[in-house]
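Good morning, and thank you for coming.

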Amino acid sequence: MPPERWLFWHRRDLRLADNLGLAAAAAATPAVTGLFVLDPAILADPAMAPARIWFLCESLRELAERWRQAGSRLLLLRGEPAALVPQAARAVGAAVVAWNRDVEPYGRARDRQVAAALRAQGIRVQVDWDQLLVAPEAIRTGGGEPYRVYGPFLRNWRAQLQARSAVGCAAAGGLEPVAAPSALLDLDPTGLPAEPAGLWARLPRLETLPAAEDLGFAFAGADLCPCRPGEAAAMGQLAAFADGGVNGGALAAYEPGRNFPGDAGTSGLSAALKFGTLSPRQAWAAARAARERARSEESLVSIGVWEQELAWREFYQQALFHFPELADGPYRPQWRHFPWENDPVRLAAWEQGFTGVPIIDAAMRQLDTSGWMHNRCRMIVASYLVKDLIIDWRHGERAFMARLVDGDLAANNGGWQWSASSGMDPKPLRIFNPAAQAARFDPEATYIRRWLPELAHVATADLIGGEITPLERRGYPEPIVSHRQQQARFKALHASLPRG
Ligand SMILES: Cc1cc2nc3c(=O)[nH]c(=O)nc-3n(C[C@H](O)[C@H](O)[C@H](O)COP(=O)(O)OP(=O)(O)OC[C@H]3O[C@@H](n4cnc5c(N)ncnc54)[C@H](O)[C@@H]3O)c2cc1C
C-alpha cells in the first residue's frame, strides 16, 4: 500500500523549516505535495504593492527549489482557491489537505469555502496556527474577553511564552523551531489513474515561476529594499541582526538604535514575517539565544524591547481576528463623525513627498522608492497626514498598502488607528511635531539627505526645522501647511466630537 498523500497549501508561510502545518503533514506521511495558488482577487486588489508581488515571486522561486530538495514538488496554480484547491486535491489523490490559519477576514472566508468544498468531496482538512507565538483564541483577559489594550496583553503573552519555553519542540506545543521535512515522496503524474489524470491535465499550472513583471507589477526598488525574499535570506538577516559578530548585531543596541531612521538599527524582517519566509518562533529563538550571550544590562533591555515589537505584531493580529470590523474604519465610534478636510492636492503632495517638510518628504520618498519605511517615520508621516493635513487616516492606510513590501492588514490598520488616535489604544490625542521629531531622531539629517538628495547642500538645522531659504530650495516646495496652525485647528475639530 503506498502511503496516503497529503496536500499542503502554502499561503503566508513560504518556508519549509518550522512550518507547523507542514510539519504535521510530514509527520503523518512522507507523501506530501506543496501547493500555492495565485489568487486573482488578491492580485487585482487596487492597493496591491508591486514590492509585495516582487517579494512573493522571489520567495516562491526559492520555495519551489526547497520542495525539490526535500524530495517532492510545489504545485503553482493561478485561479480561485475555492475551485482550485479541491481540484488539485483530487488530481493528486490527496486524502487530506492541510494549511495554517489566517486572521484576515478575506482569508478566513476563503478558507471556510475551501474547507466546505473539500469535506463535501470526502477529503479531510487539517488546520492549525503557525504565524503567531500565541494563538488568538489562547489569549484572553481574566473575564474571558479578547484583549483591547496592549499592556495587559503583553503581560499575559510573556507569561504564556515563559511557561511554554520548558516544553521544547514547537510541534509539541513548545517554542523550539521544528526542522524542515526531508525525504518526502513526490507524486508521479504519469502514473495517475484516468480521472485524476484528467483533472491534473486541466489544472491551471504555472510551469515556470513568474517574475513580478509577468504578473503586471514592475518594482524598481529591489536593491534599496531592506527586506530580502526567501527563507535562506530571512535566516541570514535574522542571524546578522541578532548575532552579528563580537558585539552582537543591531539587536544588542536596538534600544535606542531602533529610533534613528538614518541607521540600520532594526531587523528589516517585517516582510519575512508577513510572508512567513521566517516564523515567529525562529525570531523568538534568536532573541532567546541573544539573551544567553548578552553581557550588559543595555543589551538585555534591547532584546526585551524587540520582543515587545513581536508582541505588537501579535496584538494587532489577535485584534483583527476578534474584531474584524477594525478593517472597515475607526474602532472608536466618535471618530466616525470626524469632519475630515480630505484636500486632494494635499493628499497628493503627501503621497509624492512634496509637502515642503523635509522629514515627511524623505520618508515618503523612501517608501515610494524602496517599498519600505522606517517605523519612526511611519509614525511621523501618519501623524502629519491625519493631524496636520486633516485627512482621513484611511487614505494613508491605502497609500501605505499600495507601496509597502511588508503591507499587512492587521499591522497597517493597527499602526494607522494608533497614529490617528481612533484605535483601541487608550492614550489621549497624540500629535507629532515633525521638526522636533527630526531634531531628536535624525540630528545630523543623514536620513533626510539620503532620501532628498536635491537638498543635500542645505544646512542641517534648516533641513530639520524645514526653514529653507528660497534661494536654496531649487524647486523644492515651501511647507504646504503650518504645523502650529493646523495643530490648533485639529484640536478644535477634535474637541467638537461627541465624547465616548
Ligand atoms: C502607520 C503604520 C503602519 C504600519 N504598517 C505596517 C505594515 O503594513 N506591516 C508591518 O509589518 N508593520 C507595519 N507597521 C509596524 C512597523 O512600522 C514595522 O513592522 C517595522 O517598521 C518593520 O521594520 P523591521 O522589520 O525592521 O522591525 P523591527 O523593529 O525589527 O521589529 C521586528 C518585527 O516586529 C514587528 N513589529 C515591529 N513594530 C511593530 C508594530 N508597531 N506593529 C506591528 N508589528 C510590529 C514586525 O513584524 C517587525 O518586523 C506600521 C507602523 C505604523 C506606525
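This is a predicted model: local features need pLDDT of at least 70, side-chain atom pairs count only at pLDDT 80 or more; totals for chains, interfaces and linings use all residues.

Residues are numbered from 1 along each chain as its sequence is written.

Let us start with the overall form. The protein has 22 helices and 5 strands; these are DSSP runs numbered from the N terminus, with helices (H or I) of at least four residues and strands (E) of at least two. The C-alpha atoms fill a box of roughly 80 × 50 × 45 Å along the principal axes.

Next, the domains. The protein is divided into domain 1 (1–131), domain 2 (132–176 + 228–322) and domain 3 (333–495), with bounds that come from an automatic or database domain assignment. The centres of domain 1 and domain 2, taken over C-alpha atoms, are separated by 25 Å. Where these two domains meet, 20 residues of domain 1 are in contact with 21 residues of domain 2; contact requires C-beta atoms, placed from the backbone, within 7 Å. On the domain 1 side, helix 3 gives the most, with 6 residues.

What share of the 500 residues is buried? Buried residues make up 46% of them. A residue is buried if 20 or more other C-beta atoms lie within 10 Å of its own, exposed if 12 or fewer, and partly exposed in between, with C-beta atoms placed from the backbone.

The largest nonpolar core has 115 residues, and Leu7, Ala88, Val97, Ala363 and Ile448 have the most contacts inside it. Helix 3 (residues 50–69) gives the most to this core, with 9 residues. Such a core is a set of buried Ala, Val, Leu, Ile, Met, Phe, Trp, Tyr and Cys residues joined through C-beta atoms within 7 Å. Leaving aside residues up to four places away in sequence, valine 97 touches Leu7, Trp9, Val85, Ala89, Leu118, Ile123 and Val125.

Now, where does the ligand lie? It lies between domain 2 and domain 3, because both give residues to the shell around it. Of the 28 residues in that shell, Thr266, Ser267, Asn375, Asn412 and Gly415 come nearest; a residue is near a molecule if its C-beta atom, placed from the backbone, lies within 6 Å of it. Helix 17 gives the most to this shell, with 6 residues.

Finally, some single residues. The peptide bond from glutamate 255 to proline 256 is cis, with omega near 10 degrees, and proline 256 is placed in helix 9 (residues 254–257). Alanine 183, in the loop between helix 6 and helix 7, has a positive phi near 55 degrees, although this residue is not glycine. Alanine 183 counts as exposed because it has 9 C-beta neighbours inside 10 Å. Isoleucine 390 also has a phi near 55 degrees, and it counts as partly exposed, with 19 C-beta neighbours inside 10 Å.
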